[in-house]
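Have the picture ready to turn as you read.

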Amino acid sequence: MAVLEVSGLAKTFRIPEVHRNTVRDHALALFRPRRFRDLPVLADVTFQLAKGETLAIMGRNGCGKSTLLKIIAGIYQADRGDVRRHAGITPILELGLGWNPELDAIDNVYLMGAVLGLTLGEIGAAMDDILAFAEVGPFASLKLQHYSSGMAARLAYAVAFHAVREVLVLDEIFAVGDVGFIMRCQDRYRALSAAGHAVLLVSHDPRIVSTFCHRAILLEGGTIVMDDTPGRVVEEYLKLVTAGR
């Protein structure tokens with residue numbers, strides 16, 4: 001049973017062309033119409049994610065991975081194609097998006113938890129676990145502007161892992177924090193997977209893809225060039241990366 005169906009997705013961005021090397025160029029640009037160029041990012045991307053499946057998306061930088069996840073999460077709109085969501089989705093993409101640096105950790109947990117669909121009661125009941133998971137308990141009353149980027153990232157992951165719906169969409173998970181925190185993230189992922197949650201995962205790490213995923217997709221130039229076992233896709237991905245050096 002498919003919990004997510006992606007069909008014929010295409011996305012192109014319009015990028016302004018800027019050629020301003022002198023003061024004269026900047027002055028003349030005020031009176032000239034702006035020129036744009038098209039930057040194709042995705043073209044005819046089609047795949048399905050089954051219930052309980054962990055699917056990895058691999059590809060070199062700029063191949064369209066993050067854009068694809070943002071379309072699936074509803075952040076971007078595709079130019080063509082469809083995304084059919086047959087289950088609730090929790091995206092963990094831009095860590096800490098929506099944080100208020102003037103608020104302390106507890107208030108920010110309530111803020112992000114509400115954005116991710118948790119009720120105030122659910123957030124309150126999970127607060128101790130969230131702070132402990134992120135290892136920020138002693139600093140819970142400290143404004144977020146005084147947190148390091150690593151502390152803020154751990155807190156964002158901790159909140160998101162308590163707001164998981166049927167489908168979890170992850171961008172470069174297990175890449176934040178020390179070894180202990182990464183192991184806690186991995187344990188939490190295993191528990192979610194064992195409970196039947198489907199996971200769509202972007203990663204450049206061959207070990208993560210080979211260890212945690214049932215299937216993998218390789219993107220190149222905005223198109224799917226391979227949809228196979230993790231081992232075969234990792235092998236082809238490494239060939240692409242090596243050839244591009």
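What follows looks at ring pairs, then at charges over rings.

First, some ground rules: this is a predicted model, where local features need pLDDT of at least 70, side-chain atom pairs count only at pLDDT 80 or more, and totals for chains, interfaces and linings use all residues. Residues are numbered from 1 along each chain as its sequence is written, and side-chain values use heavy atoms, with hydrogens and water left out.

A pair of aromatic rings is described by the distance of the centres and the angle of the planes. Rings of Phe, Tyr and Trp (its six-membered ring) pair if their centres lie within 6.5 Å; planes under 30 degrees apart are stacked, over 60 edge-to-face, and the rest tilted. By this rule there are six aromatic pairs. One of them is Tyr157 with Phe161, which is stacked because the centres are 6.3 Å apart and the planes are at 25°. Both sit in helix H5 (residues 149-161), four residues apart, so about one helical turn separates them. Helices here are DSSP runs (H or I, at least four residues), numbered from the N terminus. Tyr157 and Phe161 are both buried, meaning under 20% relative accessible area (1.4 Å probe, protein chains only).

Now find Tyr189 and Phe212, an edge-to-face pair with centres 5.2 Å apart and 80° between the planes. Tyr189 is in helix H6 (residues 179-194) and Phe212 in helix H7 (residues 206-212), so this pair ties together parts 23 residues apart in sequence. Tyr189 and Phe212 are buried too.

Back to Tyr157 and Phe161: together with Phe133 and Phe181, they form one aromatic cluster. Arg184 lies over the face of Phe133, 5.6 Å from the ring centre. Such a charge counts as over a ring if NZ of Lys or CZ of Arg is within 6 Å of the ring centre and within 35 degrees of the ring normal.

Conventions. Helix = DSSP H or I, 4+ residues; strand = E, 2+ residues; numbered from the N terminus. Buried < 20%, exposed > 50% of the residue type's maximum accessible area, 1.4 Å probe, protein only.
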